[in-house]
Amino acid sequence: MRTAEAAKTIDVNALVIYALQHSSQVRAISDNYLIQRTAITEAAAAFDVRTFTDTRFIQVNEPVGNTLTTGGPPRFLNENFKASAGVRKKTASGGTLELSQRFGLQASNSVFFQPIQQGNSRLALSFTQPLLNKAGQAYNSSVITLAELDTRMAVDQTSQELQDHLLKVTKAYWELRLARTALMQKQRLYERGKTIQIELDARQDVDASQNQLVRARAAVSSRRAELARAEATIKNAEARIRALVNAPELLADVRLELVPTESPAIDYFAVKLEDARATALQNRPEVDQALAQIQAVHVNLDVSRNDLRPVLDLVLESYLTGLQGQYDIAGSFAQQFSQGAPSYTAGLV
């Protein structure tokens with residue numbers, strides 16, 4: 001239609017492919033899902049093995065109120081440095097397993113403190129298991145379950161937004177075709193009106209009245225204005241397609257005329273209401289998203305019920321210790337495994 005400008009033929013499928021490949025909105029919609037998916041990794045990280053260290057230096061200088069504290073000196077002087085390191089892991093059932101190794105240096109002015117300069121060590125293994133509150137795999141994996149449901153809802157949201165965007169692309173195509181068809185019709189109306197005006201101008205000295213001439217000229221002017229508006233509508237439709245698709249070949253030249261090649265289908269498709277409803281329940285992302293939200297509410301309800309239970313924890317611990325003089329930490333570490341036997345603790349909190 002615009003012979004002075006270049007033209008490019010388009011159809012619905014081509015625009016959809018262009019949109020999937022180049023549209024900034026499609027990329028943004030896809031990124032939302034990718035961002036939400038990282039929440040699963042974050043939730044699962046609560047069950048990763050964690051390392052820890054703890055160091056502390058304590059110096060005590062206190063008056064003595066009991067001679068048994070120091071055996072004579074009026075003030076109790078004590079220096080204690082200890083450092084520990086280990087690993088800790090949370091189990092799927094909610095328990096906490098911890099393995100740690102501690103080393104210490106201690107000196108005191110008490111006459112009962114033997115040996116005087118001590119190097120000590122302790123290897124400890126402990127396990128704490130909730131029995132009521134915060135117990136069970138369902139409770140402790142609820143964060144992961146909720147993250148998976150949120151990701152599933154994000155997938156449905158992405159699908160819905162993507163379908164909406166591609167529907168906008170499709171509508172923009174047909175709006176462009178409709179606008180071009182309307183322009184052709186308005187062009188014919190303008191040409192017919194112009195022909196009638198020319199005939200009336202030629203017959204004004206014969207049988208054409210002045211009133212007919214004025215009405216014909218007004219109609220031609222009105223149709224000329226409608227042509228301008230129709231051309232503007234076409235360019236607006238093309239601009240909308242370019243914005244929705246964002247394809248480089250369409251953005252290279254804004255004067256490029258987009259020529260639709262696909263015609264509307266005239267075939268009749270009979271659709272039963274029951275079949276349409278069943279198909280929607282199976283395939284619409286909004287339905288799946290609503291079901292995921294219901295599941296998330298059930299998970300939160302189970303978590304809340306668990307939080308109402310009283311706290312009852314099983315505590316188990318076993319440890320090996322070593323002690324040497326002259327700040328001999330290496331000797332105390334070896335003594336852990338060469339002398340004595342493990343100590344044990346078991347109880348309920």
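In this report a residue is called buried when its relative accessible area is under 20%, exposed when that area is over 50%, and partly exposed in between, with a 1.4 Å probe and protein chains only. By that scale D302 is partly exposed, with a relative accessible area of 46%. The model is predicted, so local features need pLDDT of at least 70 and side-chain atom pairs count only at pLDDT 80 or more, while totals for chains, interfaces and linings use all residues. Residues are numbered from 1 along each chain as its sequence is written, and side-chain values use heavy atoms, with hydrogens and water left out.

**Salt bridges**

A salt bridge is a side-chain nitrogen of Lys or Arg within 4 Å of a carboxyl oxygen of Asp or Glu, and the structure holds 10 of them.

| Pair | N to O separation |
|---|---|
| E317 and R122 | 3.3 Å |
| E257 and R180 | 2.9 Å |
| R305 and D302 | 3.9 Å |

The pair of E317, in strand β7 (residues 313-325), and R122, in strand β5 (residues 117-130), links distant parts of the chain, 195 residues apart; helices (H or I, at least four residues) and strands (E, at least two) are DSSP runs, numbered from the N terminus. E317 is partly exposed at 26% relative accessibility, and R122 is partly exposed at 23%.

E257 lies in strand β6 (residues 257-260) and R180 in helix α5, so this bridge ties together parts that are 77 residues apart in sequence. Both E257 and R180 are buried.

R305 and D302 are three residues apart in helix α9 and therefore separated by about one helical turn. R305 counts as exposed, at 52% relative accessibility.

**The largest pocket**

R305 and D302 also belong to the lining of the largest pocket, together with residues including Y139, S142 and R309. A pocket is found on a 1 Å grid over the protein atoms alone, as an open set of points where a 1.4 Å probe fits, with protein on both sides within 12 Å along at least five of seven lines, and lining residues have an atom within 4 Å of a point. About 150 Å³ of space lies in this pocket, the volume being the space filled by probe spheres set on the points. Helix α9 gives the most to the lining, with five residues. The lining residues divide into five nonpolar, three polar and three charged, where Ala, Val, Leu, Ile, Met, Phe, Trp, Tyr, Cys and Pro count as nonpolar, Asp, Glu, Lys and Arg as charged, and the others, Gly among them, as polar.
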